[in-house]
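Please read the points below with the sequence and the model side by side. They are set out as a colleague's notes, one topic to each paragraph.

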Amino acid sequence: MKLRSGKNSHTHVDPKGSDSRDALQCEGFIDPRVFFILSIIALGLPNIVFSGKFWFQTLHMMKWFFAMIPIAVLAILAGYRLFRHGNRKNSFRVDVFGWIWLLLLLYVTAQPLWTEIRSLPTFLREWFFFATLWCFYVLCYNNFQGKWLRVLFWIAAANAVFNVIFAELQFAGLNGPFPFILPTPGHYIGNTGQQNMFGFWLAICGLNLVGLFGFLRERKDNVLSSRGPAELLPELLCLVFLFIIGWGLWGSTSRSSILSLACGILFMVLTVVRVPGRLSLKRVFIAILILILALSSSILFNSQRMQRTLTKTVEIVKNYRSIGKRDSIWMTSWTMFRMQPVSGVGLGQYKWHYLDAQKEMLKDYPEKDWKYTYWAHNEYLQWFCEAGLLPGLILIFMAFWWLWNFIRSLVMKKNISSEAIWACSLLFLIWFNALWTRPFHRIEDALWMSLAFAIANREILPVEFEWTKVRRNYLYR
């Protein structure tokens with residue numbers, strides 16, 4: 001099996017730093033204006049909307065609508081063009097990573113043939129979720145232009161800032177007069193609906209702004225040099241937004257989200273050091289100082305929530321064996337996997353098998369606590385439980401293969417774009433968070449993973465299988 005090397009890929013970066021990374025996009029395959037508007041809606045709006053208190057599943061219905069309907073429209077447009085005209089002039093492609101991802105999607109599609117599905121609606125919801133992520137990855141790989149990221153970052157940042165304001169009103173019990181704020185007085189969650197997901201969304205937007213402030217640099221990298229107010233306004237607004245997001249992140253008391261942001265920034269700094277000239281390292285450190293300033297302000301003016309964060313942190317250190325009260329959940333998940341290691345329990349069926357697995361787990365470990373949850377609080381472990389051993393190993397292979405190519409790019413000092421640096425950093429943030437919570441199960445956040453993979457893979461992974469050249473039109477149709 002041969003792979004075409006990344007050096008022959010669509011993305012070319014010239015040595016002067018003026019890259020033509022957007023040459024990959026298929027000219028005219030999907031109208032760029034349509035793709036831009038729909039992708040911005042799917043990525044920028046869902047975390048701020050909710051369905052209203054009279055709807056079933058008041059929180060998630062509208063989020064799924066805003067996240068998935070735009071992607072469905074793009075998929076129909078792309079599918080129609082492919083079906084009617086074929087893949088003319090090699091204008092559309094699925095890369096190696098996308099083919100493997102499609103293989104996993106086809107596997108879980110056929111899973112009901114050998115696995116008992118206890119809840120068909122749950123299976124179908126998870127299937128559409130998984131299919132949307134793959135579809136968006138392929139569409140972004142072919143169509144998303146790096147220059148759009150700046151607009152997306154601003155929209156997502158405004159979303160996050162409003163969520164922090166909503167959370168402050170909720171916590172103070174002042175959200176009553178505002179029907180567009182999730183009615184959860186006393187909770188610091190904004191319209192995201194859950195504490196860890198609130199923190200996770202702020203971590204994503206925080207990393208976006210760190211990258212954006214690195215983008216907004218002068219040609220000679222003069223930081224806040226003598227310029228007019230109009231030129232300084234975007235930079236100052238970026239720092240103000242970053243401070244507010246940092247304040248909200250510390251106030252969320254989500255340890256996993258705070259550490260995830262630290263992980264993402266760490267890999268961004270490491271990448272910038274190895275690939276100089278793409279992001280301003282000086283500006284990245286200024287952005288980090290703003291986040292530290294937000295922490296200091298929280299300690300001084302928001303001591304109640306900071307004390308809660310400190311208490312939770314001390315608790316996990318003292319009771320390290322419970323791994324943040326996840327030991328019982330993880331042990332139950334491992335038992336579930338051992339009960340059906342080959343076939344898995346079925347996509348989306350984790351919660352329907354949890355009590356059976358916990359009953360077996362408590363026989364072997366009676367000292368563990370009884371808990372009930374819908375999620376394994378570790379996305380990789382839940383994937384092994386639901387999909388089985390083979391798809392689990394394929395997921396691990398994809399992760400290590402991607403990491404190998406990422407490390408190889410750094411060692412060789414490959415001149416990857418600033419957009420790809422951000423994308424790689426975001427992936428590390430999401431992967432770390434997935435060790436503790438459930439970012440892959442929130443479509444409004446998981447779509448960012450698909451986008452990051454698409455942007456990063458265009459530059460650091462091989463492009464395609466050689467055999468896809470044969471009858472490519474037939475395959476894509």
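1. Just after helix α5, Gly173 takes a positive phi of about 70°, where helices are DSSP runs of H or I with at least four residues, strands are runs of E with at least two, and both are numbered from the N terminus. Helix α5 itself covers residues 149-171, and its end C-alpha atoms are 32 Å apart, which agrees with the 33 Å that its 23 residues should span at 1.5 Å a residue; the expected span is 1.5 Å times one less than the number of residues.

2. A word on the basis of these notes: this is a predicted model, in which local features need pLDDT of at least 70 and side-chain atom pairs count only at pLDDT 80 or more, while totals for chains, interfaces and linings use all residues. Residues are numbered from 1 along each chain as its sequence is written, and side-chain values use heavy atoms, with hydrogens and water left out.

3. As a whole, the protein chain has 17 helices and zero strands. Of its 477 residues, 55% count as buried, a term that means under 20% relative accessible area, with exposed meaning over 50% and partly exposed in between (1.4 Å probe, protein chains only). Among the contacts in the protein chain with a separation of 6 or more, 79% are accounted for by residues 24 or more positions apart, a contact being heavy atoms within 4.5 Å.

4. The largest nonpolar core holds 121 residues, of which Trp402, Trp422, Trp448 and Leu451 touch the most other members; such a core is a set of buried Ala, Val, Leu, Ile, Met, Phe, Trp, Tyr and Cys residues joined through side-chain atoms within 4.5 Å. Helix α6 (residues 195-215) contributes the largest share of this core, 13 residues. A second, separate core has twelve residues, including Ile329, Met336, Phe337 and Val345. Returning to Trp402, its contacts, not counting residues up to four places away in sequence, include Phe97, Cys424, Trp431, Phe453 and Leu461.

5. Helix α2 (residues 60-85) packs with helix α16 (residues 443-460) at an angle of about 35°, their axes being 9 Å apart; the axes are lines fitted to C-alpha atoms over the stretch in contact, and angles run from 0 to 180 degrees between N-to-C directions. On the α2 side the contact is made by Lys63, Trp64, Ala67, Met68 and Ile71, and on the α16 side by Ile443, Glu444 and Leu447. These residues divide into six nonpolar, no polar and two charged, with Ala, Val, Leu, Ile, Met, Phe, Trp, Tyr, Cys and Pro counted as nonpolar, Asp, Glu, Lys and Arg as charged, and the others, Gly among them, as polar.

6. Also in helix α2 is Met62, which counts as partly exposed because its relative accessibility is 22%. The C-alpha atoms of Met62 and Ser51 are separated by 5.0 Å, although the two are eleven residues apart along the chain. Leaving aside neighbours within four places in sequence, Met62 is in contact with Val49, Phe50 and Ser51.

7. How many of the nine residues of helix α13 (residues 379-387) are buried? Eight are, and the helix is mostly covered; Trp383, Phe384 and Glu386 are among the buried ones. The buried residues pack against α3 (96-110), α4 (120-143), α11 (327-339), α12 (350-364) and α14 (389-411). After the helix comes Gly388, whose phi is positive, near 105°.

8. Most residues other than glycine have a negative phi. Thr253 has a positive phi near 60°, and it lies in the loop between α7 (229-251) and α8, where it is buried with a relative accessible area of 0%. Lys413 also has a positive phi, near 55°; this residue sits in the loop between α14 and α15 (418-433) and counts as exposed, at 51% relative accessibility.

9. Two serines deserve a look. Ser256, in helix α8 (residues 255-274), counts as buried at 9% relative accessibility, and it touches Asn196, Phe432, Asn433, Trp436 and Thr437, not counting residues up to four places away in sequence. Ser298, in helix α9 (residues 281-301), counts as buried at 0% relative accessibility. Ser298 and Gly246 are 52 residues apart in sequence and 9.2 Å apart in space, C-alpha to C-alpha.
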